[in-house]
Amino acid sequence: MSLFTEIIEELKYNVGYRKRLMPAQKELNTNAPKIGEIAPDFTLHDVAGKNPVMLSDFRGKKPVALVFGSFT
């Protein structure tokens, strides 16, 4: 299986998974952003910890992916 095919299959799975979760999400936390809504703005610092970066700085310009975890 090619990398492209693997990525497409993963995306299909993720889309289906989110659709199945949408009804449950409404019951779990009514204050949480809903799937498809604009994310609330927040500020983080760059990797050096010096310059603040706001999520809204990227709105309409670039896609943003937040990854929490370790890549070691």
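These notebook entries record what I looked up in the structure.

**Entry 1: the model.** I noted that this is a predicted model, in which local features need pLDDT of at least 70, side-chain atom pairs count only at pLDDT 80 or more, and totals for chains, interfaces and linings use all residues. Residues are numbered from 1 along each chain as its sequence is written, and side-chain values use heavy atoms, with hydrogens and water left out.

**Entry 2: overall form.** Helices (H or I, at least four residues) and strands (E, at least two) are DSSP runs, numbered from the N terminus. I then looked up the radius of gyration, which is taken over C-alpha atoms. The protein has 16 Å, whereas a compact globule of 72 residues would have a value near 11 Å; the globule rule is 2.2 Å times the number of residues to the power 0.38. The C-alpha trace spans about 40 × 40 × 30 Å along its principal axes.

Entry 3: I recorded an accessible surface of about 6,800 Å², with 62% of it belonging to carbon and sulfur atoms. Accessible areas come from the Shrake-Rupley method with a 1.4 Å probe, and for residues only the protein chains shown count as cover. Of the 72 residues, 1% count as buried; buried means under 20% relative accessible area, exposed over 50%, and partly exposed in between. The mean positions of the 10 positive and 8 negative charges are 4 Å apart. Lys and Arg count as positive and Asp and Glu as negative, while His and the chain ends are not counted. The place of a charge is NZ of Lys, CZ of Arg, CG of Asp or CD of Glu.

Entry 4: I found a nonpolar surface patch of about 510 Å² made by Leu3, Phe4, Ile7, Ile8 and Leu11. Patch residues have over 30% relative accessible area and no salt bridge; like charges are joined within 9 Å, and nonpolar side chains (Val, Leu, Ile, Met, Phe, Trp, Tyr) within 5 Å. A salt bridge is a side-chain nitrogen of Lys or Arg within 4 Å of a carboxyl oxygen of Asp or Glu. Ile7 lies in helix H1 (residues 3-28) and is partly exposed at 43%. Ile8 also lies in H1 and is partly exposed at 30%. The C-alpha atoms of Ile8 and Val53, 45 residues apart along the chain, are separated by 31 Å.

**Entry 5: Asp41.** I located Asp41 in the loop between H1 and strand S1 (43-45). Asp41 is partly exposed, at 38%. Asp41 and Ser56 are 15 residues apart in sequence and 5.8 Å apart in space, C-alpha to C-alpha.

Definitions and conventions. Buried < 20%, exposed > 50% of the residue type's maximum accessible area, 1.4 Å probe, protein only.
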